Amino acid sequence: MTDASALAAAVLATATPPAAAAATSSVLDYLARHAADHPRAFFSDAFPSLLYRLFVSSPSSPSFIDLAAADPDPALASLLLNLLAPSGPLLAAAAAADRLALIRFVFPSERLPYWLRVALAEDPSPGLPLASPLLASRVGSDLHLSVFEYYLFWFAYYPVSSADPAASASNPTHKSRSRIESWVSTLAPTAGATRKPGNKPEPCLYLKLLYAYLREFVPTAASTPPRRPSGTLLQRTASEETAAEADPFARAEFFLHTLIQFWLVGDDFSPLPVQTYRAFGLKLPSRARAELSEQPPSPGLGDAVKLLVMYLNCCARSPPPDARMVFEGLPARNLVVSSDSQLGFWNPLIQRPMYRFVQRAFLFCPISAVIKNATLVFSVWLEYMEPWKITQEDLDEYDVSLMHGTDTQQAGEGKGKQKRELMYTLAWKNYVLSNYLFYSSMVVHFLGFAHKFIHSDVSSVLLMILKVSEVLSSSTELVDLLYKVDTAYHSKPSCSSKSEDVLMYVPSIREQLKDWEDGLTETDVDGSFLHENRNSDLRLFSSREDGAYHLLQLLLIRAELEIQRLPGDTSQALQSLDLIKSRMKKVFQGRIESAHRKNTSPEDLQHQHPGRGEIFTPKHPLLGRSKFSEVRYRGDWMKRPISETEIAWLARILIRLSDRLNDALRLGCDDVDDSSARPTYIKFDWGELTAIGRPKDAARMALVAVFSLVALVGQALLKFMRAHRVKINLRVFASKKLLAGLVLLYAVVVGTRSVLS
């Protein structure tokens with residue numbers, strides 16, 4: 001007990017890389033000495049402190065992972081790899097402790113994803129354990145985890161720790177079955193100061209560990225797992241837990257669910273499919289009051305999610321024979337999976353969380369954010385759309401055993417040439433169809449994101465658009481498939497067409513479109529060019545003004561104008577613009593015109609402007625041929641992009657003040673219930689009514705009557721504003737014209753007074 005307590009104190013006292021290396025060596029020595037006696041004292045005293053210093057940064061010291069990334073000496077990184085490896089002494093001791101059921105841990109609730117905190121705060125419901133396997137170990141309002149599960153929670157928490165305001169702003173007190181969690185209240189909470197916003201920390205060590213855990217815990221075709229005892233982890237009873245611990249699929253499910261909940265779901269106000277809400281009667285946070293995070297994703301999170309996508313999609317090339325049993329018993333998703341599909345047996349698990357993760361980054365990323373952090377999510381999306389370009393050589397870069405004695409420069413050149421030769425083939429048809437919204441609706445959301453940032457960094461936005469155009473135009477078969485599905489989606493069910501082979505996917509795409517974009521209304525979008533009906537239709541090949549064709553055309557017009565304002569050499573930006581036009585012609589040429597003819601009457605076609613059909617040849621917005629007069633913003637007028645007619649800093653202040661007033665007065669909320677406001681009845685004392693009042697009492701009564709009348713009118717006005725969803729908008733006072741008029745009026749008044757006096 002004394003050795004474990006001293007070890008915990010030594011671990012907590014480390015603040016430099018040499019001290020962290022010494023503490024890690026002490027942990028390795030302690031585990032080596034007590035390998036055979038299953039030290040309970042280590043897990044009760046030293047293990048929580050060790051995990052905290054490994055994965056959480058405090059104001060006085062970064063975490064061990066961050067110290068190893070910043071230290072040029074590889075000694076600390078090597079020691080941590082030896083300690084935390086899947087076959088290392090720490091996880092071996094954890095497995096031994098779990099076999100003997102030595103101890104259970106309670107994970108701090110304020111560090112959990114938002115919806116899990118809400119679910120634990122409510123009364124236990126029979127449907128909650130079925131909604132997520134992470135809730136299967138719930139006891140009261142806490143999650144009681146095994147040693148291995150507790151370690152995985154902290155490991156998954158590391159990439160999001162620097163962007164967790166709930167954990168850093170609170171001073172929690174924890175309920176625990178023993179004193180194993182008492183250390184949390186005495187330690188400083190997570191601090192974001194050690195990781196500067198916008199600076200991505202070196203994630204090399206963490207990514208090496210992540211890849212090692214994925215190879216060890218997530219089965220692939222190379223390691224076909226045995227048959228499950230009965231059902232999935234969601235259906236298993238307590239009597240089967242012992243047998244389930246040895247099941248690789250149970251461990252893989254828990255590991256992937258943990259990563260998905262911490263990384264992809266996070267503070268999403270629609271964390272589960274809509275069918276799950278209704279089937280189990282779950283009560284989740286109100287969407288009108290959901291605390292949507294306007295902070296960009298944590299700097300290291302994008303690389304971790306990208307590696308997860310690469311691994312799962314690389315495994316999809318050859319799924320194991322019993323992969324269909326993974327999702328046995330899960331709520332129906334209307335997924336169409338073929339036996340020869342490249343979809344992969346883990347892909348349905350990450351489809352919805354991944355879509356909403358990328359979508360929320362595009363919709364809610366504020367204009368003031370560093371665009372480099374948003375590009376990390378953008379790279380994850382591109383990696384997800386091109387699984388055919390992922391090779392084992394890409395994953396070998398994270399394999400510790402293959403990092404010695406290789407010519408990285410020659411390998412990199414050969415890999416780049418090989419990736420360029422990898423193209424879409426018909427073998428990936430089912431993957432594209434099952435993830436169709438990533439290739440269609442997400443492109444439209446990305447164009448809205450590009451419109452929001454085009455004025456702040458036109459070069460970076462053009463490079464992002466160029467990469468998307470490369471994906472869509474890389475294969476004629478891919479574009480034909482996307483257009484085929486779009487035609488089948490908008491065609492009548494009774495009509496026979498050439499798209500009969502994809503008609504079976506249309507119902508699942510309709511269900512996904514409703515479910516994956518659940519709760520995202522236009523008032524939540526900051527500066528989006530999307531319309532209020534975006535959740536009900538596919539608009540990649542739409543000829544309407546809210547379709548991708550016209551959004552991209554307008555975006556190129558704005559890009560040309562922004563390029564003209566750039567100082568210095570603009571040749572690279574102009575080259576990117578030309579490449580975008582040429583590549584997008586391959587996507588829309590012939591397809592957008594045919595769709596336009598189908599949706600346009602002969603009379604409208606006859607009177608159509610001759611230049612209307614030109615594909616991506618936008619004119620410079622000069623006088624007489626400007627397109628900006630045709631642009632109509634549709635969205636929350638208070639959150640529209642800041643224009644040149646406004647004072648930017650004043651507009652931001654007034655927007656924040658308006659939001660605070662609207663939240664305080666509950667304006668614009670869907671869950672406001674005015675039924676609780678009842679008429680107030682006053683009971684008078686007849687003795688006081690007959691008494692003779694004084695002038696002072698009469699004045700007081702008159703004053704009270706005036707204030708009561710004002711309060712009554714204000715309450716009626718608030719009720720009217722809530723009923724008609726009217727909100728306070730102080731942004732109008734940031735108008736340069738209005739301020740100039742007020743200054744002029746003030747000058748006139750002052751001048752008049754001086755003349756008269």
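Tutor: Helices here are DSSP runs of H or I with at least four residues, and strands are runs of E with at least two. The model is predicted.

Student: How many helices and strands are there in the protein?

Tutor: Counting runs by that definition gives both totals. The protein has 34 helices and three strands.

Student: What share of the residues counts as buried?

Tutor: Buried means under 20% relative accessible area. The protein has 757 residues, and the share that counts as buried is 48%.

Student: How many aromatic pairs are there?

Tutor: Rings of Phe, Tyr and Trp pair if their centres lie within 6.5 Å. The count by this rule is 48 aromatic pairs.

Student: Are the planes of Phe-153 and Phe-262 stacked or edge-to-face?

Tutor: Planes over 60 degrees apart count as edge-to-face. The ring centres of Phe-153 and Phe-262 are 5.4 Å apart and the planes stand at 80°, so the pair is edge-to-face.

Student: Why is the pair of Tyr-211 and Tyr-311 edge-to-face?

Tutor: The cut-off for edge-to-face is over 60 degrees between planes. The centres of Tyr-211 and Tyr-311 are 6.2 Å apart, and the pair is edge-to-face because the planes are at 80°.

Student: Where in the chain are Tyr-211 and Tyr-311?

Tutor: Tyr-211 is buried with a relative accessible area of 2%, and Tyr-311 is buried with 4%. They are 100 residues apart, with Tyr-211 in helix H12 and Tyr-311 in helix H16.

Student: Which ring does the charged end of Arg-510 sit over?

Tutor: For Arg, CZ has to be within 6 Å of the ring centre and within 35 degrees of the ring normal. The charged end of Arg-510 is 4.1 Å from the centre of the ring it sits over, that of Tyr-489.

Student: Is Leu-742 buried, partly exposed or exposed?

Tutor: Leu-742 is in helix H34, residues 736-756. With Val-732, Phe-733 and Leu-738, Leu-742 makes a nonpolar surface patch of about 340 Å². Its relative accessibility is 44%, so Leu-742 counts as partly exposed.

Key: Residues are numbered from 1 along each chain as its sequence is written. This is a predicted model: local features need pLDDT of at least 70, side-chain atom pairs count only at pLDDT 80 or more; totals for chains, interfaces and linings use all residues. Side-chain values use heavy atoms; hydrogens and water are left out. Rings of Phe, Tyr and Trp (its six-membered ring) pair if their centres lie within 6.5 Å; planes under 30 degrees apart count as stacked, over 60 as edge-to-face and the rest as tilted. Buried means under 20% relative accessible area, exposed over 50%, partly exposed in between (1.4 Å probe, protein chains only). Patches are made of residues with over 30% relative accessible area and no salt bridge: like charges are joined within 9 Å, nonpolar side chains (Val, Leu, Ile, Met, Phe, Trp, Tyr) within 5 Å. Accessible areas come from the Shrake-Rupley method with a 1.4 Å probe; for residues, only the protein chains shown count as cover. A salt bridge is a side-chain nitrogen of Lys or Arg within 4 Å of a carboxyl oxygen of Asp or Glu.
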